[in-house]
Amino acid sequence: VAINTWSCPAYRKRGVEEADSAMFDAFLARIFRHEIDRVVFKDWLSWCLQNEADKPGWAPFLYSRRKGTGKSTLCTLVSRLFGEENSITQNSISKLTGRFNKPLLDSKLVISEELQLKPESPQGNTLKTYISEKVTASEVKNREVEKVTQYCCFLFTTNHLPLWIEADERRYYVIDADHDGHASGPNAEEFSNFIAELVAWMENDDNIP
């Protein structure tokens, strides 16, 4: 028996038809220095939201050498768009690549923060399979391994330069999220004020749709 665990986010029932992405665009302009990265990320996000019965074959990978650049805040906003009931965030991929991983694969959006792997590691190979393949083996406790269809979208962040990614790897799109508004940067105060405004904006359910 296959069970669709996806739930329609409540904000989609508000009947909002007019799009207003000004705050979102302003946020991306601050954390992604290159315009092409903003375009690619928005394309990935909109495609995933418009094709929820499908999955992309690649995942955005947000990298910044400094902390406090807004990566986690962006992940929070993306979770709101997918629906928090359809999203899961973890600080490593040990549970995702471990034995009893079906509860994670039942989520539509899987966010893994502080991702750090070794070259050609078994975890890395497993992760590649999840990103690109729609059918995989999965297991829950006290149950036999079963073949399942998964529709996960993945979003990764890290503060460690991902040198383990091979030069011709197509499953990750690495985005440089370093900027001078980081926690100890010259524009830290201005960026912090903007993030506070953004968080308040996100908490208003009328802004999400």
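Glu84 and Arg80 form a salt bridge, with their closest N and O atoms 3.9 Å apart; the term denotes a side-chain nitrogen of Lys or Arg within 4 Å of a carboxyl oxygen of Asp or Glu. This is a predicted model, in which local features need pLDDT of at least 70 and side-chain atom pairs count only at pLDDT 80 or more, while totals for chains, interfaces and linings use all residues. Residues are numbered from 1 along each chain as its sequence is written, and side-chain values use heavy atoms, with hydrogens and water left out.

Glu84 is exposed, at 53% relative accessible area, whereas Arg80 is buried, at 17%. Here, buried means under 20% relative accessible area, exposed over 50%, and partly exposed in between, with a 1.4 Å probe and protein chains only. Through shared partners, salt bridges join Arg14, Arg80, Glu84, Asp205 and Asp206 into one network.

Helices are DSSP runs of H or I with at least four residues, and strands are runs of E with at least two, numbered from the N terminus. Arg14 is partly exposed, at 45% relative accessibility.

A further salt bridge joins Lys42 and Asp25, at 2.7 Å from N to O. Lys42 belongs to helix 2 and Asp25 to helix 1, so the pair ties together parts 17 residues apart in sequence. Lys42 is partly exposed at 28%, and Asp25 is partly exposed at 30%. By this rule, the count is 12 salt bridges.
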